[in-house]
Amino acid sequence: MSNTDFALAVEDLTVSFDGFKAIDTLTLYIDRNELRVIIGPNGAGKTTLLDLICGKTRASAGSIKFKNEELTVLDEHTRVRRGIGRKFQTPSIYENLSVFQNLEVSYPAGRSVFGALAFKCTDEVKARVQGVATEIGLAQSLDMEAGLLSHGQKQWLEIGMLLMQEPELLMLDEPIAGMSARERELTADLLKRICKNRSVIVIEHDMEFVKQIAHKVTVMHQGKILAEGSMEAVQSNPKVIDVYLGH
Ligand code: ADP
Ligand code: MG
(Lines give C-alpha, C1' and ligand atoms only; values in the text may rest on other atoms or scores of the structure.)
(Ligands and ions follow the chains in the order given, each with its own letter.)
Protein backbone atom coordinates (compact mmCIF):
# COMPACT_ATOMS: atom_id res chain seq x y z
CA MET A 1 0.00 0.00 0.00
CA SER A 2 1.40 3.41 -0.92
CA ASN A 3 0.97 6.46 1.30
CA THR A 4 -1.54 7.93 -1.15
CA ASP A 5 -4.05 5.13 -0.45
CA PHE A 6 -4.65 6.25 3.14
CA ALA A 7 -7.59 8.48 4.07
CA LEU A 8 -5.30 10.53 6.31
CA ALA A 9 -1.52 10.74 6.09
CA VAL A 10 0.21 12.82 8.77
CA GLU A 11 3.95 13.08 8.17
CA ASP A 12 6.68 14.67 10.29
CA LEU A 13 4.11 16.94 11.90
CA THR A 14 5.47 19.42 14.43
CA VAL A 15 3.96 22.28 16.38
CA SER A 16 5.92 24.46 18.79
CA PHE A 17 4.40 26.69 21.44
CA ASP A 18 7.14 29.12 22.54
CA GLY A 19 9.80 26.54 21.74
CA PHE A 20 7.96 23.63 23.39
CA LYS A 21 7.11 20.92 20.85
CA ALA A 22 3.59 19.73 21.76
CA ILE A 23 3.70 17.58 18.59
CA ASP A 24 7.16 16.45 17.54
CA THR A 25 7.84 15.02 14.03
CA LEU A 26 4.80 12.76 14.30
CA THR A 27 3.84 10.39 11.48
CA LEU A 28 0.48 8.62 11.45
CA TYR A 29 -1.64 6.96 8.76
CA ILE A 30 -5.37 6.23 9.00
CA ASP A 31 -7.18 3.94 6.57
CA ARG A 32 -10.56 4.52 4.98
CA ASN A 33 -13.33 3.20 7.26
CA GLU A 34 -10.87 2.72 10.08
CA LEU A 35 -11.73 3.45 13.71
CA ARG A 36 -8.47 4.49 15.37
CA VAL A 37 -8.23 5.17 19.08
CA ILE A 38 -5.49 7.45 20.44
CA ILE A 39 -4.49 7.02 24.08
CA GLY A 40 -1.71 8.44 26.22
CA PRO A 41 -1.02 10.38 29.40
CA ASN A 42 -2.32 13.91 29.97
CA GLY A 43 -0.24 16.42 28.08
CA ALA A 44 0.87 13.85 25.47
CA GLY A 45 -0.45 16.08 22.67
CA LYS A 46 -3.60 14.13 21.73
CA THR A 47 -5.97 17.12 21.65
CA THR A 48 -3.32 19.24 19.92
CA LEU A 49 -3.05 16.62 17.16
CA LEU A 50 -6.81 16.89 16.49
CA ASP A 51 -6.49 20.72 16.59
CA LEU A 52 -3.84 20.50 13.88
CA ILE A 53 -5.88 18.14 11.68
CA CYS A 54 -9.05 20.26 11.86
CA GLY A 55 -7.12 23.54 11.44
CA LYS A 56 -7.82 25.10 14.82
CA THR A 57 -4.05 25.21 15.31
CA ARG A 58 -1.50 25.80 12.56
CA ALA A 59 1.37 23.34 12.12
CA SER A 60 4.96 24.62 12.50
CA ALA A 61 6.25 21.94 10.10
CA GLY A 62 5.21 18.74 8.39
CA SER A 63 2.31 17.59 6.29
CA ILE A 64 -1.30 16.49 6.80
CA LYS A 65 -2.87 14.96 3.70
CA PHE A 66 -6.53 14.00 3.53
CA LYS A 67 -7.42 11.87 0.51
CA ASN A 68 -4.04 12.94 -0.82
CA GLU A 69 -4.77 16.68 -0.59
CA GLU A 70 -2.56 18.86 1.63
CA LEU A 71 -4.66 20.28 4.49
CA THR A 72 -2.11 22.46 6.26
CA VAL A 73 -2.57 25.25 3.69
CA LEU A 74 -6.39 25.28 4.11
CA ASP A 75 -8.33 27.19 6.76
CA GLU A 76 -10.65 25.47 9.26
CA HIS A 77 -13.88 26.09 7.29
CA THR A 78 -12.41 24.77 4.07
CA ARG A 79 -11.31 21.62 5.89
CA VAL A 80 -14.92 21.14 7.12
CA ARG A 81 -16.08 21.37 3.51
CA ARG A 82 -13.45 18.79 2.53
CA GLY A 83 -15.12 16.38 4.97
CA ILE A 84 -13.30 16.84 8.28
CA GLY A 85 -15.64 16.82 11.32
CA ARG A 86 -14.44 17.48 14.86
CA LYS A 87 -16.27 17.09 18.13
CA PHE A 88 -14.81 18.97 21.06
CA GLN A 89 -14.93 17.83 24.68
CA THR A 90 -17.76 20.18 25.71
CA PRO A 91 -20.93 19.83 23.62
CA SER A 92 -21.87 22.87 21.60
CA ILE A 93 -25.55 22.29 20.92
CA TYR A 94 -28.28 24.95 20.90
CA GLU A 95 -29.97 24.18 24.24
CA ASN A 96 -33.12 26.20 23.53
CA LEU A 97 -33.76 24.66 20.10
CA SER A 98 -35.39 21.26 19.58
CA VAL A 99 -33.42 18.18 18.61
CA PHE A 100 -34.92 18.50 15.13
CA GLN A 101 -33.82 22.13 14.80
CA ASN A 102 -30.31 21.37 16.05
CA LEU A 103 -29.92 18.76 13.31
CA GLU A 104 -31.62 20.95 10.72
CA VAL A 105 -29.28 23.92 11.28
CA SER A 106 -26.34 21.56 10.82
CA TYR A 107 -27.40 20.67 7.30
CA PRO A 108 -24.65 22.09 5.08
CA ALA A 109 -27.06 24.42 3.22
CA GLY A 110 -27.68 26.39 6.44
CA ARG A 111 -24.57 28.31 7.35
CA SER A 112 -25.85 30.15 10.46
CA VAL A 113 -28.66 29.53 12.94
CA PHE A 114 -30.70 32.42 11.56
CA GLY A 115 -30.04 31.61 7.93
CA ALA A 116 -30.90 27.99 8.49
CA LEU A 117 -34.16 28.67 10.33
CA ALA A 118 -35.25 30.92 7.49
CA PHE A 119 -34.19 28.20 5.07
CA LYS A 120 -37.22 26.24 3.81
CA CYS A 121 -37.37 22.81 5.38
CA THR A 122 -37.35 20.65 2.30
CA ASP A 123 -38.20 16.96 2.22
CA GLU A 124 -34.53 16.23 1.62
CA VAL A 125 -33.48 17.98 4.82
CA LYS A 126 -36.29 16.30 6.78
CA ALA A 127 -35.29 12.88 5.50
CA ARG A 128 -31.69 13.50 6.45
CA VAL A 129 -32.69 14.71 9.94
CA GLN A 130 -34.80 11.55 10.38
CA GLY A 131 -31.97 9.31 9.23
CA VAL A 132 -29.40 10.91 11.50
CA ALA A 133 -31.82 11.01 14.47
CA THR A 134 -32.38 7.26 14.05
CA GLU A 135 -28.63 6.67 13.82
CA ILE A 136 -27.97 8.53 17.11
CA GLY A 137 -30.97 7.03 18.93
CA LEU A 138 -32.95 10.27 19.17
CA ALA A 139 -35.72 9.60 16.62
CA GLN A 140 -38.30 9.60 19.44
CA SER A 141 -37.04 12.92 20.83
CA LEU A 142 -37.08 15.18 17.76
CA ASP A 143 -39.47 17.72 19.31
CA MET A 144 -37.71 17.82 22.66
CA GLU A 145 -35.80 20.93 23.66
CA ALA A 146 -32.12 19.97 23.45
CA GLY A 147 -31.42 21.47 26.89
CA LEU A 148 -33.67 18.79 28.43
CA LEU A 149 -31.69 15.85 27.05
CA SER A 150 -29.47 13.75 29.31
CA HIS A 151 -25.73 14.38 29.21
CA GLY A 152 -25.20 11.32 26.99
CA GLN A 153 -28.00 12.30 24.62
CA LYS A 154 -26.46 15.76 24.23
CA GLN A 155 -23.19 14.13 23.19
CA TRP A 156 -25.04 11.98 20.63
CA LEU A 157 -26.88 15.03 19.33
CA GLU A 158 -23.59 16.76 18.74
CA ILE A 159 -22.29 13.69 16.89
CA GLY A 160 -25.53 13.83 14.87
CA MET A 161 -24.92 17.50 14.04
CA LEU A 162 -21.55 16.48 12.62
CA LEU A 163 -23.09 13.54 10.74
CA MET A 164 -25.52 15.95 9.02
CA GLN A 165 -22.48 17.21 7.11
CA GLU A 166 -21.52 13.64 6.09
CA PRO A 167 -17.89 13.93 7.19
CA GLU A 168 -15.41 11.46 5.75
CA LEU A 169 -13.18 11.84 8.79
CA LEU A 170 -14.82 12.27 12.18
CA MET A 171 -12.69 13.10 15.24
CA LEU A 172 -14.00 12.76 18.79
CA ASP A 173 -12.16 13.91 21.92
CA GLU A 174 -13.12 11.85 25.00
CA PRO A 175 -16.73 11.27 23.87
CA ILE A 176 -17.85 9.12 26.84
CA ALA A 177 -16.63 11.36 29.68
CA GLY A 178 -19.46 11.67 32.20
CA MET A 179 -21.66 9.03 30.54
CA SER A 180 -23.51 6.23 32.36
CA ALA A 181 -22.52 2.59 31.71
CA ARG A 182 -25.54 2.14 29.43
CA GLU A 183 -24.76 5.33 27.51
CA ARG A 184 -21.17 4.11 27.03
CA GLU A 185 -22.43 0.84 25.53
CA LEU A 186 -24.74 2.69 23.16
CA THR A 187 -21.92 5.05 22.18
CA ALA A 188 -19.67 2.09 21.37
CA ASP A 189 -22.42 0.68 19.10
CA LEU A 190 -22.90 4.09 17.48
CA LEU A 191 -19.18 4.51 16.74
CA LYS A 192 -18.95 0.99 15.30
CA ARG A 193 -21.82 1.85 12.94
CA ILE A 194 -20.57 5.24 11.84
CA CYS A 195 -17.07 4.02 10.94
CA LYS A 196 -18.60 1.72 8.31
CA ASN A 197 -18.50 4.55 5.78
CA ARG A 198 -15.95 6.99 7.12
CA SER A 199 -12.72 7.11 9.09
CA VAL A 200 -13.05 7.89 12.79
CA ILE A 201 -10.40 9.01 15.30
CA VAL A 202 -11.33 8.77 18.98
CA ILE A 203 -9.25 9.99 21.92
CA GLU A 204 -10.21 7.97 24.98
CA HIS A 205 -8.94 6.96 28.42
CA ASP A 206 -11.41 4.20 29.35
CA MET A 207 -9.57 1.01 28.33
CA GLU A 208 -12.69 -1.17 28.45
CA PHE A 209 -14.31 1.19 25.96
CA VAL A 210 -11.16 1.31 23.81
CA LYS A 211 -11.11 -2.50 23.69
CA GLN A 212 -14.71 -2.55 22.43
CA ILE A 213 -14.28 -0.10 19.57
CA ALA A 214 -10.66 0.13 18.38
CA HIS A 215 -9.42 -1.36 15.14
CA LYS A 216 -5.91 -0.16 16.04
CA VAL A 217 -4.59 1.85 18.98
CA THR A 218 -1.97 4.62 18.81
CA VAL A 219 -0.21 5.53 22.05
CA MET A 220 1.14 9.09 22.25
CA HIS A 221 3.75 10.37 24.67
CA GLN A 222 5.50 13.77 24.68
CA GLY A 223 4.21 14.70 21.24
CA LYS A 224 5.43 11.50 19.62
CA ILE A 225 4.08 8.04 18.93
CA LEU A 226 5.22 5.59 21.58
CA ALA A 227 3.49 2.50 20.18
CA GLU A 228 0.88 1.50 17.64
CA GLY A 229 -0.96 -1.72 16.90
CA SER A 230 -3.71 -4.00 18.15
CA MET A 231 -5.15 -3.44 21.61
CA GLU A 232 -3.43 -6.65 22.81
CA ALA A 233 -0.02 -5.65 21.44
CA VAL A 234 -0.23 -2.16 22.91
CA GLN A 235 -1.45 -3.38 26.32
CA SER A 236 1.46 -5.76 26.71
CA ASN A 237 4.10 -3.29 25.45
CA PRO A 238 6.46 -2.53 28.39
CA LYS A 239 7.02 1.09 27.25
CA VAL A 240 3.25 1.68 27.25
CA ILE A 241 2.82 0.07 30.66
CA ASP A 242 5.65 2.22 31.97
CA VAL A 243 4.39 5.64 30.81
CA TYR A 244 0.63 5.09 30.80
CA LEU A 245 -1.15 1.87 31.68
CA GLY A 246 0.88 1.17 34.82
CA HIS A 247 -0.46 4.33 36.50
P1 ADP B 1 -3.54 15.83 25.79
O2 ADP B 1 -4.79 16.10 25.03
O3 ADP B 1 -2.80 14.62 25.33
O4 ADP B 1 -3.78 15.77 27.28
P5 ADP B 1 -2.75 18.45 24.87
O6 ADP B 1 -2.68 18.28 23.40
O7 ADP B 1 -3.93 19.14 25.42
O8 ADP B 1 -2.52 17.04 25.58
O9 ADP B 1 -1.47 19.26 25.35
C10 ADP B 1 -0.13 18.89 25.00
C11 ADP B 1 0.82 19.91 25.56
O12 ADP B 1 0.77 21.09 24.76
C13 ADP B 1 0.54 20.31 26.98
O14 ADP B 1 1.77 20.48 27.65
C15 ADP B 1 -0.18 21.63 26.82
O16 ADP B 1 0.01 22.44 27.95
C17 ADP B 1 0.48 22.20 25.59
N18 ADP B 1 -0.40 23.10 24.81
C19 ADP B 1 -1.53 22.71 24.15
N20 ADP B 1 -2.08 23.75 23.50
C21 ADP B 1 -1.28 24.83 23.75
C22 ADP B 1 -1.29 26.21 23.37
N23 ADP B 1 -2.25 26.70 22.57
N24 ADP B 1 -0.30 27.01 23.83
C25 ADP B 1 0.67 26.52 24.61
N26 ADP B 1 0.76 25.23 25.01
C27 ADP B 1 -0.20 24.40 24.60
MG1 MG C 1 -6.80 16.28 25.64
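Begin by selecting residues 181-194, which form helix 7, where helices (H or I, at least four residues) and strands (E, at least two) are DSSP runs, numbered from the N terminus. Helix 7 has 14 residues and reaches 20 Å from its first C-alpha to its last, close to the 20 Å expected at 1.5 Å a residue, the expected span being 1.5 Å times one less than the number of residues. This is a predicted model, in which local features need pLDDT of at least 70 and side-chain atom pairs count only at pLDDT 80 or more, whereas totals for chains, interfaces and linings use all residues. Residues are numbered from 1 along each chain as its sequence is written, chains are lettered from A and ligands numbered from 1 in the order in which they are written, and side-chain values use heavy atoms, with hydrogens and water left out.

Within helix 7, colour Glu183, Thr187, Ala188, Leu190, Leu191 and Ile194, which are buried; buried means under 20% relative accessible area, exposed over 50%, and partly exposed in between (1.4 Å probe, protein chains only). These residues cover an arc of only 165° around the axis, which puts them on the same side of helix 7, the arc being that of the directions from the helix axis to the C-beta atoms. An α-helix has 3.6 residues a turn, so residues three or four places apart point the same way. Against the buried residues of helix 7 pack strand 3 (35-39), helix 5 (123-135), helix 6 (151-163), strand 7 (169-173), strand 8 (199-203) and helix 8 (207-213), where contact means heavy atoms within 4.5 Å.

Next select helix 5, one of those partners. Its 13 residues should span 18 Å at 1.5 Å a residue, and the end C-alpha atoms are 18 Å apart, which agrees. Val125, Arg128, Val129, Val132 and Ala133 of helix 5 are buried, and they lie on the same side of this helix because they cover an arc of only 130° around the axis. On the other side of helix 5, Asp123, Glu124 and Thr134 are exposed. The cover over the buried residues of helix 5 includes helix 3 (99-105) and helix 6. Just after helix 5, Gly137 takes a positive phi of about 75°.

Move on to helix 6, where Leu157 is found. Leu157 is buried, with a relative accessible area of 0%, and, not counting residues up to four places away in sequence, it touches Ile93, Val99, Asn102, Leu103, Ile136, Leu138, Ala146 and Leu149. Glu158 also lies in helix 6, and Glu158 is buried with a relative accessible area of 6%. Which side chain is joined to that of Glu158 by a polar contact? It is that of Ser92, at 3.0 Å; a polar contact is a pair of N or O atoms within 3.5 Å, where, within protein, one must be able to donate a hydrogen and the other to accept it, and residues adjacent in sequence count only if both atoms are side-chain atoms.

Now select ligand 1 together with the residues around it, Phe17, Phe20, Ala22, Pro41, Asn42, Gly43, Ala44, Gly45, Lys46, Thr47 and Thr48, each having a heavy atom within 4 Å of the ligand. Strand 2 (20-30) and helix 1 (46-54) each supply at least two residues of this shell, and helix 1 gives the most, with three residues.

Pro41 is buried, with a relative accessible area of 18%, and its contacts, not counting residues up to four places away in sequence, are Lys46, Met220, His221, Val243 and Tyr244.

Finish at Asp24, which lies in strand 2 and is buried, with a relative accessible area of 17%. The side chain of Asp24 makes a polar contact of 3.5 Å with the side chain of Thr25.
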